[in-house]
Amino acid sequence: MFNKLPGVRLSGENYGLLNQAAKLIFNLREHPDVFADDKAEVEGPFRHNAIPSGTMSCVVQDLMYTLDPPSLDYDGHQQTSSSVVDEDHNTIVGLKTIRLYNPNFWDVQKAVSFLKEAFPCARYIISKRSNLESAALSYQKAFQWNSPLEELEGYIERETQFLESVADELGTDIAQVVDVDDW
């Protein structure tokens with residue numbers, strides 16, 4: 001529905017790629033003695049030049065952009081004319097993910113920290129469904145989940161609470177929660 005807005009390009013579900021990108025950054029952050037921002041490791045097996053602060057966000061943003069490139073021309077080739085590049089420069093690029101909620105991986109604070117680091121200029125539309133039964137039936141249909149409906153509704157309720165907490169932590173200037181059942 002958002003792709004119908006002019007100047008907006010959103011990719012569909014990506015099987016939790018944001019979580020995988022976060023794991024990449026967190027793995028490096030777990031070794032601050034070697035991979036601290038702006039610190040070179042001049043000798044040894046982990047030798048590398050200094051990694052400038054903020055550059056990991058470029059990696060994550062490039063990954064997201066790769067999954068949501070500009071459309072192909074009528075011959076199936078990537079459009080490369082300067083007008084497409086100029087147009088794409090002004091395009092809002094985004095993604096849809098339902099797999100941000102992962103209690104075995106991160107809590108609200110860790111998720112917010114990652115989102116702020118990886119996408120410092122981003123704005124978020126966090127959708128929820130207040131009709132849990134309808135949401136559970138949709139999950140079952142779209143993802144062939146065989147869990148009992150009550151169990152799935154409980155999961156969706158916990159997921160919704162997590163996402164609402166993420167939105168609260170990000171603040172209303174950065175995140176808005178939209179109930180798609182009211183839309």
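These questions and answers concern a predicted model of one chain.

Reader: What percentage of contacts between residues at least 6 apart in sequence join residues at least 24 apart?
Author: Of the 183 residues in the chain, 31% are buried. For contacts between residues at least 6 apart in sequence, the share that joins residues at least 24 apart is 68%.

Reader: How far apart are the end C-alpha atoms of helix α6?
Author: Helix α6 covers residues 132-143, which is 12 residues. At 1.5 Å a residue the helix should span 16 Å, and the model agrees with this because the end C-alpha atoms are apart by 16 Å.

Reader: Which residues of α6 are buried, and what arc do they cover around the axis?
Author: The buried residues in α6 are A135, A136 and Y139. They lie on the same side of α6, because the arc they cover around the axis is only 100°.

Reader: Which helix is included in what covers the buried residues of α6?
Author: A135, A136 and Y139 are the residues of α6 that are buried. What covers them includes the helix at 149-170, α7.

Reader: Which residues mark the start of α6 and the position that follows the helix?
Author: At the start of α6, a side-chain oxygen of N131 comes to within 3.3 Å of the backbone nitrogen of E133. At the other end, the helix is followed by a residue with a positive phi, near 50°. The residues asked for are N131 and E133 at the start, and after the helix Q144.

Reader: Which side of α3 do D62 and T66 lie on, and are they buried or exposed?
Author: α3 has 13 residues and reaches 19 Å from its first C-alpha to its last, close to the 18 Å expected at 1.5 Å a residue. Its buried residues are M56, S57, V60 and M64. These cover an arc of only 105° around the axis, so they are on the same side of α3. D62 and T66 are on the other side of α3, and they are exposed.

Reader: Which element gives the largest share of the lining of the largest pocket?
Author: The largest pocket holds about 1700 Å³ of space. Its lining has 45 residues, with L10, L95, K96, T97 and I125 nearest its centre. Two or more lining residues come from each of β1 (8-11), α3 (55-67), β2 (92-95), β3 (124-128), α6 and α7. The largest share is six residues, given by α7.

Reader: Is T91 buried or exposed?
Author: T91 is in the loop between α4 (82-89) and β2. Leaving aside neighbours within four places in sequence, T91 is in contact with G7, V8 and R9. Its relative accessibility is 18%, and buried means under 20%, so T91 counts as buried.

Reader: Is Y15 buried or exposed?
Author: Y15 is located in the loop between β1 and α1. Its phi is positive, near 55°, in a residue other than glycine. At 69% relative accessibility, Y15 passes the cut-off of over 50%, and therefore counts as exposed.

Notes. Residues numbered from 1 in each chain as written. Predicted model: local features only at pLDDT ≥ 70, side-chain atom pairs only at ≥ 80, totals over all residues. Heavy atoms only, no water. Helix = DSSP H or I, 4+ residues; strand = E, 2+ residues; numbered from the N terminus. Expected span 1.5 Å × (residues − 1). Buried < 20%, exposed > 50% of the residue type's maximum accessible area, 1.4 Å probe, protein only. Arc of directions from axis to C-beta. Contact = heavy atoms within 4.5 Å. Polar contact = N/O pair within 3.5 Å; in protein donor to acceptor, adjacent residues only side chain to side chain. 1 Å grid on protein atoms, 1.4 Å probe; cavity = no way out; pocket = protein on both sides within 12 Å on 5 of 7 lines; lining within 4 Å. Points joined across faces, edges and corners; volume = space filled by probe spheres on them.
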